[in-house]
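Me: I would like a close look at one part of this structure. Start with the whole chain, then zoom in.

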Number of protein chains: 2
Amino acid sequence: MVGGDHDIIACNAAFYRAFSVRDHAAMAGLWSSSAPVSCIHPGWDMLVGHEAVMKSWRDVMNDPHSPAVECRNACEFVEGDFGYVLCHEVFDEGVLIATNIFRREDGAWRMVHHQAGPPAMALSDPSATVGGTVH
Amino acid sequence: MVGGDHDIIACNAAFYRAFSVRDHAAMAGLWSSSAPVSCIHPGWDMLVGHEAVMKSWRDVMNDPHSPAVECRNACEFVEGDFGYVLCHEVFDEGVLIATNIFRREDGAWRMVHHQAGPPAMALSDPSATVGGTVH
């Protein structure tokens, strides 16, 4: 279940590339259009439904203050036509941690859910483990 | 894919009940023992592997300062033997938002991943949508 699926890692990388270069068509194409989708942006409540999720990405990619992002330390979990990737999102301002869920449709991975949230402190080395207070 | 699976909602509720009443055996039994598991506690980096994830839950449940938690607004997404639940985690101190991923094993849902993170502000009404700055 873990490791070895380059396709889902490539799809996860394409998601961050689309975000970084503000490629609206690529971003829209990466998300499932046939399954329900959802998204938890850092600092937002959950968004559910294709229209709400797509609007949120259009808004963030149209915001000139949105920072560039780099994906690091992607770790995939795949079973059959369902999988998810955990990774760090590295910004100039700090690092977030994300869970990205994908569904395979007609042989291609499509995103169905994204949650990103902050660690307790900025990670100078995103590969390092951060301690903190768990809930 | 959305709605109608009471079993995964019940399993999600059992996870929060085990946490709230500090039931170590129930918590251990809720997680998959055959698939890789992972966890992103708020303020922590990602934990990968059964031993690391289970140790983190033992530590938090043994911590007398760990707050009680109530799950609200659970929303499930199920397809075949894979599914996930989004929900609010309501503490005295505020509200977190969680993604909980499950896998059906021998007819029973087992948790394989948990991420919880804070919204930008405390939610006085956890069913309300929070605006904020997306990344």
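What percentage of the contacts in chain A with a separation of 6 or more comes from residues 24 or more positions apart? Then turn to helix α3 of chain A: which of its residues are buried, and what covers them?

Reply: A caution comes before the numbers: this is a predicted model. Now your first question. In chain A, residues 24 or more positions apart make up 49% of the contacts with a separation of 6 or more.

Next, the layout. Chain A has three helices and six strands. Along the sequence, the pattern reads α-α-β-β-α-β-β-β-β. Chain A has 135 residues, and 54% of them count as buried.

Now zoom in on helix α3 of chain A. The helix runs over residues 50-62, which makes 13 residues. Check its length. At 1.5 Å a residue, α3 should span 18 Å.

Which residues does α3 hide? The buried ones are A:V53, A:M54, A:S56, A:W57, A:V60 and A:M61. Seen down the helix axis, these buried residues fall within an arc of 155°, so they line one face of α3. An α-helix has 3.6 residues a turn, so residues three or four places apart point the same way.

What about the face turned away from the buried side? There α3 carries the exposed residues A:E51 and A:N62.

Something must cover the buried face. The cover for the buried residues of α3 includes two helices of chain A, α1 (6-20) and α2 (24-30). Strands β1 (38-40), β2 (47-48) and β6 (108-117) of chain A are also among the cover.

Follow β6 for a moment. This strand of chain A holds A:H114. Is A:H114 buried or exposed? A:H114 has 0% relative accessibility, so this histidine counts as buried. A:F102 sits 12 residues from A:H114 along the chain. The C-alpha atoms of A:H114 and A:F102 are 9.1 Å apart.

Note on methods. Residues numbered from 1 in each chain as written. Chains lettered and ligands numbered in written order. Predicted model: local features only at pLDDT ≥ 70, side-chain atom pairs only at ≥ 80, totals over all residues. Heavy atoms only, no water. Helix = DSSP H or I, 4+ residues; strand = E, 2+ residues; numbered from the N terminus. Expected span 1.5 Å × (residues − 1). Buried < 20%, exposed > 50% of the residue type's maximum accessible area, 1.4 Å probe, protein only. Arc of directions from axis to C-beta. Contact = heavy atoms within 4.5 Å.
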